[in-house]
Amino acid sequence: MDRRIPLFRTLEIETRSTCNRSCPGCLRNSLPDRERARPWFEPAELPAQTLERIFREALALGFRGPVCLQHYNEPLQDARIADLALLARRMGLQGVFICTNGDFITESLAARLDGAFDHLRIALYMDEPVKSERQAWLTSLFRTTSLAFTGGEHIPTHFSPLFDVAALAARHRLRPCLEPLQRLVINHRGDMLLCCDDLVGHFGLGNVGERSVEELWFSEVHQRLVLGLQEPGGRLMHPHCESCPRP
C-alpha cells in the first residue's frame, strides 16, 4: 500500500452517540441539517469487539498512543467506558484519556475510572463558586488517574452561534491545514472522520466495518485530502474545509 503520509499521532473513538448537554456551540447542536445529526440524539454504541479490533490493528501499525475514547459525545454516558479504557491499556496502548463534562462522576464511578484511564480532561460548565468547589471535590476522588480541568470554554466550530464563523472562515480559507494529520477519528457508527471538526462524515472516508485501520488511513482519497490541505489554498477543494473557522 502506497504510504505518502505519516501514521496518525492520536486515535480518537466515539464509543457512544449521546451527550447530556445541549451546548449551542457544539456541532451536534448547531449543525443545520438536523436529519444528519439525528443519530447523535438516539442511543447507540460502537460494539466492544469493533473497538478491540481497532486497537489491535492500530498496534500492528506501530501505534502506541495516545487514545481518546470520546469525540462529540459525553463518554461517561457509556457504562462500558472504564472497561474499554482498561482493555486499551492492557493491549499495550498508552495515554488513554477522555474529555468529559464530569456531570456523571460520583464517588463510586470515580473509583472505577481511577486507574482505568491515564488522564481525564474535565470541562466544568458551571459558575463560580460551584465550579471551584466541584473541581476540588473531583480532585479528591482520584489517586492514580491525572486530572486536567479545561475551564469549560467553547471554541469556534462550523455553524456556532457563539462566534462570527463566516468571518473566521474567510480569514483562514487560504491557510494550510495540518489538523487531519493529527488523529484518526472514528465515530460511533464506525465512520472515519477527517478531523475534529467533522461530525457526520462529510468526506466519505469509509467505515471500520468494511475496511481495516490501515486501509482507511492510507486510502488514496484520504491521503489526497491530507496532502492537498497542507498546501496554501488547499481548503478550497472542499466546502466543509473552506467554511472552517479554525486556523
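This is a predicted model: local features need pLDDT of at least 70, side-chain atom pairs count only at pLDDT 80 or more; totals for chains, interfaces and linings use all residues.

Colleague: Is T18 buried or exposed, and where does T18 lie?

Modeller: Buried means under 20% relative accessible area, exposed means over 50%, and partly exposed is in between, with a 1.4 Å probe and protein chains only. T18 counts as buried because its relative accessibility is 9%. Helices (H or I, at least four residues) and strands (E, at least two) are DSSP runs numbered from the N terminus, and T18 sits in the loop between β1 (10–13) and α1 (27–30).

Colleague: Which side chains make a polar contact with the side chain of T18?

Modeller: A polar contact is a pair of N or O atoms within 3.5 Å; within protein, one must be able to donate a hydrogen and the other to accept it, and residues adjacent in sequence count only if both atoms are side-chain atoms. The side chain of T18 has such a contact with the side chain of R16 at 2.8 Å and with the side chain of Q77 at 2.7 Å. Contact in general means heavy atoms within 4.5 Å; not counting residues up to four places away in sequence, T18 touches R28, W40, E42, P43, N73, E74 and Q77.

Colleague: What span should helix α3 have, and which of its residues are buried?

Modeller: The expected span of a helix is 1.5 Å times one less than its number of residues. The 13 residues of α3 (residues 48–60) should therefore span 18 Å, which agrees with the 18 Å between its end C-alpha atoms. An α-helix has 3.6 residues a turn, so residues three or four places apart point the same way. In α3 the buried residues are T50, L51, I54, F55, A58 and L59, and they pack against β1, β2 (67–68), α4 (81–90), β6 and α8 (213–217). Just after α3, G62 takes a positive phi of about 100°.

Colleague: What covers the buried residues of α9?

Modeller: The buried residues of α9 (residues 220–229) are H222, Q223, L225, V226, G228 and L229, and their cover includes β7 (192–193), α8 and α10 (239–242).

Colleague: How much space lies in the largest pocket?

Modeller: On a 1 Å grid over the protein atoms alone, a cavity is a set of points where a 1.4 Å probe fits but cannot get out, and a pocket is an open set with protein on both sides within 12 Å along at least five of seven lines; lining residues have an atom within 4 Å of a point. Grid points are joined across faces, edges and corners, and a volume is the space filled by probe spheres set on the points. The largest pocket holds about 930 Å³, and of its 32 lining residues, Q70, H71, Y72, C99 and Y125 are the closest to its centre.

Colleague: What is the volume of the largest cavity?

Modeller: Its volume is about 120 Å³, and of the 14 residues that line the largest cavity, C177, E179, C195, D197 and C244 are the closest to its centre.

Notes
Residues are numbered from 1 along each chain as its sequence is written. Side-chain values use heavy atoms; hydrogens and water are left out.
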